[in-house]
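Please keep the sequence and the model in view while I speak.

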Amino acid sequence: MIESSVRPVTPETSFAEALRQAIARRGLALNRIRTHLADRGLHVGVATLSTWQSGRRIPREDSLAVISALEELLRLPPGWLTVRIPPARSEPAATTPPYAVVDYAVSLTRLLDRLRRDAHGRLRTLSVLDEIHLGPDRSAQRRRVTQSVVAVEPVDRLIIAHQGEPGCDVDQLALHTVSGCRTGRVARAPEAGAMLAELLLDRLLAVGDTAVVHYEIEDRTGLPSVDYQRFSEWGGAHYVLEVQFDRAALPVRVHEFRRRHTSGPDLLRRNLMLTADSRAHVVEPSADPGTVGIAWEWD
């Protein structure tokens, strides 16, 4: 339930002051807030919470999931704290080229110029559920996505990227919107086997507004797949990745991994067990900038 007495989001109130007011209104001690966050898999110390509300420090980009959880815990509208974080927090990212965490960034940037470069970075992802369905031919036939976002600048569209298997025919990659959006322009880069697409939102989002979109990407190439990884330029989102294998084509080994860059070394690598219905998954409460993925071996 959202408190009706919360004032509208304005630039006049600092993040620290807004956080102090919200905590005082709820009457929660910082150690209780820490416990509530830990119950959600988000670990932040009392000292950090104290420096945030005093203004001595501001949250980093990878703390977005914590801030979103605080908004819910303190009964605030989504984005009420997020949009008050000083702009200096995102200035380093502004000097970084778009899609710098992937090795096909040049191709994506070229496609972005054909769509709407000014739309890039206006949204931050709060949560993502990726469901990857592999067929009996070992190909990743379908990717279902549920994604929630918050606007950090006024925006009416979300730009998404997808890369097929090496050597794929990008014309065989099809985007289907399900709800919360409709398909805008789609641009393709055959040399990278990648596509960039606009998801046009149901309305223009003001700063702090949120949206939830559901969409699918169909892969009709039939090429065998050996992994899937989602990249994040800003981090902070709650991420769930689930891979559904066909019972007629089960891998012999499966593992999860984390990387700073799509072609970089694994920062984490851990074996996964398939469930009884041939699924594997990873849950990342607050993903760092970079990639999270699952890889598998067929033989």
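The model is a predicted one, in which local features need pLDDT of at least 70 and side-chain atom pairs count only at pLDDT 80 or more, while totals for chains, interfaces and linings use all residues. Residues are numbered from 1 along each chain as its sequence is written, and side-chain values use heavy atoms, with hydrogens and water left out.

Let us begin with the salt bridges. A salt bridge here is a side-chain nitrogen of Lys or Arg within 4 Å of a carboxyl oxygen of Asp or Glu. How many salt bridges does this rule give? The count comes to 23.

One of them pairs Arg122 with Glu153, whose closest N and O atoms are 3.8 Å apart. This pair links distant parts of the chain, 31 residues apart. Arg122 is in the loop between helix H6 (105-114) and strand S1 (123-134), and Glu153 is in the loop between strand S2 (140-151) and strand S3 (155-163). Helices (H or I, at least four residues) and strands (E, at least two) are DSSP runs, numbered from the N terminus.

For exposure, buried means under 20% relative accessible area, exposed means over 50%, and partly exposed lies in between, with a 1.4 Å probe and protein chains only. Arg122 is partly exposed at 22%, and Glu153 is partly exposed at 36%.

A second salt bridge joins Arg188 and Asp171, at 3.9 Å from N to O. Arg188 lies in strand S5 (residues 181-189) and Asp171 in the loop between S3 and strand S4 (173-179), so the pair ties together parts that are 17 residues apart in sequence. Arg188 has 24% relative accessibility and counts as partly exposed.

In a third, Arg259 meets Asp266 at 2.7 Å, N to O. Is Arg259 buried or partly exposed? At 18% relative accessibility, Arg259 counts as buried, whereas Asp266 is partly exposed at 30%.

I turn now to the helix. Helix H4 (residues 64-73) is mostly covered, with nine of its 10 residues buried. Among the buried residues are Leu64, Val66, Ile67, Leu70 and Glu71. What covers them? The cover over the buried residues of H4 includes helix H1 (15-26), helix H2 (30-39), helix H3 (46-54), S1 and strand S9 (238-244). Just after H4, Arg75 takes a positive phi of about 60 degrees.

Conventions. Contact = heavy atoms within 4.5 Å.
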